[in-house]
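The following note gathers comments on one structure, for a colleague who is examining the coordinates. The points are numbered and may be read in order.

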Amino acid sequence: MTTDELEKLLAVQPVSLLHQLGRGRIPRHFRLGKRRLIEALLRSTATNRAGLESDLLALMKDGDRQQSRPQAQPRTEPASPRRQSVSGEPESAEPATDLKAFLEGIGVPEPSPFVPDPWQDEALAHLAETDVIVSVPTGSGKTYVAVEATRRAIDTERTVIYTSPLKALSNTKFTEFSKLFGADRVGILTGDRRDNTHAPLLIMTTEILRNLLYDAAGGEIDVRLDTLGLVIMDESQYLADPERGVVWEETIIFCPSQARLLLLSASIGNPQDIAAWLSSIRPTPCHLVRHNRRTVPLRAGYLHPSGKLAPLFRSVGIPHGHASLHPESKRLFSQYEAETLQPRSR
Ligand SMILES: Nc1ncnc2c1ncn2[C@@H]1O[C@H](COP(=O)(O)OP(=O)(O)OP(=O)(O)O)[C@@H](O)[C@H]1O
Ligand SMILES: [Mg+2]
């Protein structure tokens with residue numbers, strides 16, 4: 001068989017058969033897509049071409065024999081413990097994580113009294129004295145810090161500006177905060193909307209606040225800044241945005257010195273540097289509240305286009321290091337590749 005003939009023959013085989021051929025020949029063959037698997041198999045023939053060809057023919061014959069057997073009924077019960085994986089590697093009796101375990105606990109939790117987390121109390125305590133950066137994972141409860149700090153500022157006759165990077169998020173926060181504080185105490189200022197601009201809590205996009213601070217530096221504006229007690233910048237990781245980051249930077253630089261700054265983010269990589277910069281340009285040192293514990297654990301799943309869902313990894317939670325793939329995900333992934341990858345046309 002010439003290399004060309006061998007390549008053509010490999011190209012028309014199902015990917016599962018190629019994985020069986022890859023076993024013992026190509027390290028980590030199950031990670032390769034069909035095309036790269038064929039290339040790797042061809043490379044491996046340099047040492048044992050005859051072995052590959054005879055294995056290929058044997059597997060093809062096997063496949064033919066199985067096809068001529070009567071079709072089995074689709075199985076509904078769990079897979080056989082001795083099943084072989086698509087990669088030809090034996091799999092353990094039961095997948096480490098089944099779908100039920102993977103989905104367990106998702107839903108609305110039982111109501112229980114609200115108890116602030118220590119980091120939430122820490123942020124609020126420091127905000128009485130200094131600027132604060134809160135850098136904690138998503139879903140941790142940063143809104144509580146923003147709401148509570150706003151309540152405290154309004155109670156002491158100071159006004160609050162809350163900024164977000166998106167008009168849509170500003171609108172959502174306007175609705176949310178109007179319910180919490182009362183519609184008369186919340187206003188909004190975006191490119192599209194201007195409502196109740198004399199309210200003690202004003203929601204706006206960061207660009208609008210930056211422009212407001214520019215105008216304030218030059219003269220007249222219709223928003224009072226002398227009573228401003230707190231500026232909350234949600235999603236403050238935008239500071240690192242190559243295009244819009246400058247808006248966050250200028251807003252921080254021009255922010256009135258009597259107001260406290262509260263920066264909220266789930267994804268600043270170097271919050272200690274931002275805190276050091278804030279401390280160097282603002283009248284008070286900036287306190288950093290930071291942790292990486294996820295209150296809401298992430299679950300990684302693989303969703304096949306047919307609608308079938310399987311845990312992506314053998315363990316739940318976010319895997320660190322080299323997590324191994326769940327056998328069912330591996331199987332679905334190979335099936336997807338076999339269905340979608342066409343043999344290379346020459
Ligand atoms: N101390 C707490 N105990 C229990 N639940 C809390 C606590 N603090 C906040 N929550 C709840 O956690 C959920 C997520 O909170 P929130 O929306 O404030 O997260 P976030 O940190 O702003 O996330 P994101 O980064 O996605 O904006 C909300 O339902 C909130 O009520
Ligand atoms: Mg949030």
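Which backbone oxygen does the side chain of Thr150 reach? The reply is given in point 3, after the basis of the note and the overall figures.

1. Basis of the note. This is a predicted model, in which local features need pLDDT of at least 70 and side-chain atom pairs count only at pLDDT 80 or more, whereas totals for chains, interfaces and linings use all residues. Residues are numbered from 1 along each chain as its sequence is written, chains are lettered from A and ligands numbered from 1 in the order in which they are written, and side-chain values use heavy atoms, with hydrogens and water left out.

2. Overall figures. The chain has 11 helices and 10 strands; these are DSSP runs numbered from the N terminus, helices being H or I with at least four residues and strands E with at least two. Of the 346 residues in the chain, 40% are buried. Buried denotes under 20% relative accessible area, exposed over 50%, and partly exposed the range in between (1.4 Å probe, protein chains only). Among contacts (heavy atoms within 4.5 Å) with a separation of 6 or more, residues 24 or more positions apart account for 65%.

3. Thr150. The side chain of Thr150 reaches the backbone oxygen of Ala146 at 2.7 Å. This is a polar contact, that is, a pair of N or O atoms within 3.5 Å; within protein, one must be able to donate a hydrogen and the other to accept it, and residues adjacent in sequence count only if both atoms are side-chain atoms. Thr150 belongs to helix H6 and has a relative accessible area of 2%, so it is buried. Beyond its neighbours within four places in sequence, Thr150 is in contact with Val160, Phe181, Leu201, Leu230 and Ile232.

4. Nonpolar cores. A nonpolar core is a set of buried Ala, Val, Leu, Ile, Met, Phe, Trp, Tyr and Cys residues joined through side-chain atoms within 4.5 Å. The largest comprises 27 residues, and those with the most contacts inside it are Val134, Phe177, Leu201, Ile203, Leu230, Ile232 and Leu262. Helix H6 (residues 142–155) gives the most to this core, with 6 residues. A second, separate core has 26 residues, including Val223, Leu225, Cys255 and Leu263. Once neighbours within four places in sequence are set aside, the contacts of Leu230 include Leu127, Ala149, Thr150, Val160, Ile161 and Leu262.

5. Ligand 1. The residues surrounding ligand 1 are Phe114, Val115, Pro116, Asp117, Gln120, Thr138, Gly139, Ser140, Gly141, Lys142, Thr143 and Ala266, each with a heavy atom within 4 Å of it. By class, 4 are nonpolar, 6 polar and 2 charged. A polar side-chain atom of Thr138 lies 2.6 Å from an oxygen atom of the ligand. Backbone N or O atoms also lie at 3.2 Å from a ligand oxygen atom in the case of Ser140 and at 3.0 Å in the case of Gly141. The protein covers 56% of the 650 Å² of accessible area that ligand 1 has on its own.

6. Helix H2. Why is helix H2 described as largely enclosed by the rest of the structure? The reason is that 6 of its 8 residues (15–22) are buried, namely Val15, Leu17, Leu18, His19, Leu21 and Gly22. Gly24, which follows H2, has a positive phi near 80 degrees.

7. Positive phi outside glycine. Glu157 has a positive phi near 65 degrees. It is located in the loop between H6 and strand S2 (159–164) and is exposed, at 71% relative accessible area. Asn196 has a positive phi near 50 degrees; its loop joins strand S4 (194–195) and strand S5 (201–205), and at 37% relative accessibility Asn196 is partly exposed.

8. Glu235. Glu235 is placed in the loop between strand S6 (228–233) and helix H9 (245–254), and is partly exposed at 28% relative accessible area. Its C-alpha atom is 6.9 Å from that of Pro165, 70 residues apart along the chain. Apart from neighbours within four places in sequence, Glu235 is in contact with Pro165, Leu169, Trp248 and Leu264.

Conventions:
Areas by Shrake-Rupley, 256 points an atom, 1.4 Å probe, with all protein chains shown as cover. Nonpolar A, V, L, I, M, F, W, Y, C, P; charged D, E, K, R; others polar.
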